[in-house]
Structures are given as structure tokens and as C-alpha cells.
Amino acid sequence: MSNFETNAIRIQTERSGAKEHSAPIYLTSSYKFDDAEDMRALFANEREGNIYSRYSNPNTSELIEKMAILEGSETGWATSTGMAAIFTTFAAFLKSGDHVLSSRSVFGSTHQLLVNVFPKWGVTSTYADLDKPEEWENLIQPTTKMIFVETPSNPGIDIIDLEWLGKFAKKHNAILVVDNCFATPYLQQPIKYGADLSIHSATKYIDGQGRTLGGLILGSQKLIAEIEGFARHSGPAMSPFNAWMLSKSLETLAVRMDRHCDNALKVAEFLEANPEIELVKYPLLKSHPQYEIAKKQMRAGGGIVTFVVKGGYDRASKFMDALKMFSISANLGDTRSIATHPASSTHSKLTEAERQQVGINQGTVRVSIGLEHIDDILKDIKQALEVSKL
Ligand SMILES: *Cc1c(COP(=O)(O)O)cnc(C)c1O
């Protein structure tokens with residue numbers, strides 16, 4: 001249709017006949033049929049329409065339609081949480097004997113699924129490093145059914161070349177799934193580079209205001225039909241209320257992301273110039289090892305900055321405690337700036353060796369830069385670094 005911002009605002013389904021300017025919420029668990037023949041035709045998939053809100057609802061349909069256009073995919077599916085989207089994707093495609101090649105740096109609960117849940121059903125996985133694509137060829141197996149990556153990764157902010165990865169997955173006949181949560185479709189469109197499915201925790205930037213949980217899976221009609229086949233009967237459905245809220249949130253995604261990215265780049269530059277900081281990872285810092293790739297595939301760097309403060313755990317926790325405005329929270333992608341200490345929270349289930357492998361040490365702090373005024377954000381970081389000096 002039109003440009004990103006226009007699509008995010010103007011794709012809206014008026015279904016009630018009331019000529020509402022802003023889409024209403026359809027709080028109904030089920031739908032009625034004109035007659036017995038109409039009911040039969042809907043169940044036989046001969047006609048499109050709503051049957052039951054575990055399958056579809058005007059609000060989830062609107063959200064999916066809009067997200068699919070923004071991501072450049074044919075269609076999609078909405079789930080109650082981001083993890084429900086990831087679990088549903090694994091469960092829909094993987095069977096006993098299959099193998100998943102995954103980036104090492106994945107969301108903590110995704111790691112749990114790969115390491116503790118799916119092996120119970122005979123699905124194995126191997127981790128590969130995002131920054132060493134030359135090694136991927138050796139890690140693929142004849143049974144590799146799926147390649148799963150997060151780029152940029154959490155919290156290491158590593159990046160992989162999606163164009164290369166798309167070709168690699170095709171060559172090995174594997175389904176390429178990208179967790180696009182950190183970038184959102186505004187910053188990065190993995191399907192354009194050959195990803196088969198793009199997944200979101202809509203809890204993060206899609207809502208962007210820390211209000212709700214949600215998940216989205218975008219892809220081709222063919223693959224989403226497989227997702228639907230599993231999700232309809234296992235029930236990880238998104239509620240109409242959450243879908244309504246997320247569809248409204250998309251209307252401001254572009255302006256929010258622009259500001260998140262501007263603020264985060266300024267924070268990254270500030271930290272990089274500060275002698276109290278050992279390392280800063282942000283996609284659009286020239287010091288980032290994959291800076292050129294980030295520039296190629298991302299519109300801007302996103303809202304997350306990860307850094308290592310000198311002085312290890314003690315300094316990192318003192319820094320967090322000294323923050324006056326930032327919230328200490330495990331969430332990200334909120335209007336409010338948030339600080340997290342991954343080693344003791346989101347990634348505490350990993351061993352120290354596993355954490356080292358994904359670039360987390362005891363001094364690592366992840367900040368999700370919000371939409372407060374940049375001067376106030378920098379002021380808070382500056383004073384917390386000062387106060388926390390050992
Ligand atoms: C938060 C997050 C998830 C999980 O999403 P939920 O909505 O919390 O279930 C998955 N991947 C990434 C990258 C995330 O940040």
C-alpha cells in the first residue's frame with residue numbers, strides 16, 4: 001500500500017457498520033452463523049469468517065493484517081506472549097529426530113525450550129556464534145530442520161548478516177526463523193532477506209508502553225497454515241483486548257522507534273567516551289564488529305545498549321542502585337528507561353561459562369533507553385557512574 005507510517009495507521013478494519021473512526025474492541029468469545037449451511041461452509045474453510053476467538057477475532061485479524069504488511073510477509077498469527085509464539089513455531093514444525101541450529105545468544109526462555117523442553121520430545125539443538133558465520137557450515141546436520149536466530153541478540157547485541165543467512169538456510173533446506181523483537185519491522189525486515197518466519201514479543205516495542213504481553217509470527221500462507229493447525233487446537237490465543245491495544249500501538253511505532261534510536265545512540269556514544277566503561281555494544285557504533293552489516297540491514301540501531309562497567313558485579317549493582325530515574329526491571333522496549341543486570345536476572349540460569357560465551361560478564365549492564373528527554377537520561381547515567389565509583 002503506502003509508506004510504513006501510513007500503513008501502520010491507516011490499515012484498519014471497519015466491521016461494525018457504525019462508521020467508527022478508531023477500531024472498536026470485539027469482546028466476544030464466539031460468532032454466530034446465518035444458517036446451518038453457513039456454519040458448515042465456515043468449518044470447511046470454504047468461506048472466511050470468525051468461528052471462535054481461539055481461532056480468530058476482528059481485532060487479532062486487524063493486527064495480523066497490519067503487521068504482515070509492515071514486515072513484508074503474506075500473513076501471520078497472533079499469540080498470547082512472545083514465548084507462546086516461539087513455542088508454537090517450534091511445536092508446529094519440529095518432530096522427534098529433528099535438529100535446530102540456533103544462535104547461541106537467545107532469550108533466556110528460548111534457551112530453556114531448546115535445552116530442557118524440546119529434548120524431551122527428541123528434538124536436539126546446537127548453538128552457533130552470530131559473529132562467526134564461517135563456522136556455521138560445520139554445525140549444520142542432515143537432520144537440521146530449523147535455523148533460529150536473534151539479531152541483534154539479547155543482551156550481547158551481536159548481529160548476523162541476514163542476506164548471507166537467508167541463502168545459507170535455503171541451501172540447507174532449513175526453515176529460517178528470526179526473532180525480530182529488538183529491531184521491530186520498522187528497523188529490520190528479515191523476510192526480505194530470505195527468512196521464512198519473523199517472530200516478535202509484542203510485549204516489547206510493538207506495545208512499547210509496558211502494558212501488555214503479546215506475540216506475533218509472520219510468514220507465508222503455507223507456513224502460517226502449519227502454525228494455525230497447531231495453535232487452533234493448543235490454544236495460545238491473543239485476547240481481543242490485547243490485539244486492539246497492540247494495533248493502536250503500531251500507529252506510533254515509527255515515531256517511537258526514531259526517538260528510542262536517537263536517544264540510545266547518544267547514550268552509547270556517551271558511554272564509549274567514558275573511562276569507567278570497559279566495553280559498549282550498540283549496532284551503530286563504529287566500534288561494533290558488525291557495524292557494516294548493521295548499517296546494511298537496519299534502518300537504525302534500536303533502543304538497547306549493553307555495556308560493561310569497570311569493577312564487576314559490585315560496581316554494576318552499585319550503579320543500578322544509584323540510578324534515580326531508570327527503573328530496575330527485566331522488561332525492555334518501554335517508554336521508561338530500564339536497567340537490567342543480565343548475569344543475576346534474565347541470564348542467571350546459564351552457567352558462568354555459558355554466560356561468557358554469549359558475552360555476559362558480572363559487570364554487564366543492559367539498558368533499554370526510553371523516551372524521556374535525553375538530557376535527563378544522560379544525567380541519570382552520569383551521576384550513577386560517579387556515585388558507584390569503588
Ligand atoms: C521478551 C522476549 C521474548 C519473550 O517474549 P514474552 O512476550 O515475554 O513471552 C522473546 N525474545 C526476545 C528477544 C525477547 O526480548
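Mentor: Before we start, one term: two residues are in contact when heavy atoms of theirs lie within 4.5 Å. Keep in mind, too, that the model above is predicted.

Trainee: Thanks! Which residues of H3 and H10 meet, then?

Mentor: From H3, the residues are Asn59, Thr60, Glu62, Leu63, Lys66, Met67 and Leu70. Their partners in H10 are Pro240, Ala243, Trp244, Leu246, Ser247 and Leu250. Sorted by class, the residues of this contact are eight nonpolar, three polar and two charged.

Trainee: How do I describe the way two helices pack?

Mentor: Packed helices are described by two values, the angle between their axes and the distance between those axes. Here, H3 spans residues 58-71 and H10 spans residues 240-250. Their angle is about 35 degrees, and the axes are 8 Å apart.

Trainee: Is the crossing of H3 and H10 left-handed or right-handed?

Mentor: H3 passes H10 in a left-handed crossing.

Trainee: Let's turn to the ligand. Which residues come nearest to the ligand?

Mentor: The ligand has 13 residues around it, and the nearest are Met83, Asp179, Ser201, Thr203 and Lys204. By class, that shell holds five nonpolar, five polar and three charged residues. Helix H4 (residues 82-93) gives the largest share, three residues.

Trainee: How much of the ligand's accessible area does the protein cover?

Mentor: On its own, the ligand has 380 Å² of accessible area, and the protein covers 92% of that.

Trainee: Can we read a single side chain as well? What does the side chain of arginine 104 make a polar contact with?

Mentor: Start with where the residue sits: arginine 104 is in the loop between strand S2 (99-103) and helix H5 (108-117). Its side chain makes a polar contact with the side chain of glutamine 357, at 3.4 Å. Leaving aside residues up to four places away in sequence, arginine 104 touches Tyr127, Ala128, Asp129, Gln357 and Val358.

Trainee: What about the backbone? Where is a cis peptide bond?

Mentor: Look at omega. Threonine 151 and proline 152 are joined by a cis peptide bond, with omega about -5 degrees. Another cis bond joins asparagine 154 and proline 155, with omega about 0 degrees. Proline 152 is in the loop between strand S4 (144-150) and helix H7 (162-171), and proline 155 lies in the loop between S4 and H7.

Trainee: And what is the phi of lysine 19?

Mentor: Lysine 19 has a positive phi of about 55 degrees, although it is not a glycine. You will find lysine 19 in the loop between helix H1 (4-10) and helix H2 (36-43).

Technical notes. Residues are numbered from 1 along each chain as its sequence is written. This is a predicted model: local features need pLDDT of at least 70, side-chain atom pairs count only at pLDDT 80 or more; totals for chains, interfaces and linings use all residues. Side-chain values use heavy atoms; hydrogens and water are left out. Axes are lines fitted to C-alpha atoms, for helices over the stretch in contact, and angles run from 0 to 180 degrees between N-to-C directions. Helices (H or I, at least four residues) and strands (E, at least two) are DSSP runs, numbered from the N terminus. A crossing is left-handed if the near helix is turned anticlockwise from the far one by less than a right angle, and right-handed if clockwise. Ala, Val, Leu, Ile, Met, Phe, Trp, Tyr, Cys and Pro count as nonpolar, Asp, Glu, Lys and Arg as charged, and the others, Gly among them, as polar. A residue is near a molecule or strand if one of its heavy atoms lies within 4 Å of it. Accessible areas come from the Shrake-Rupley method with a 1.4 Å probe; for residues, only the protein chains shown count as cover. A polar contact is a pair of N or O atoms within 3.5 Å; within protein, one must be able to donate a hydrogen and the other to accept it, and residues adjacent in sequence count only if both atoms are side-chain atoms.
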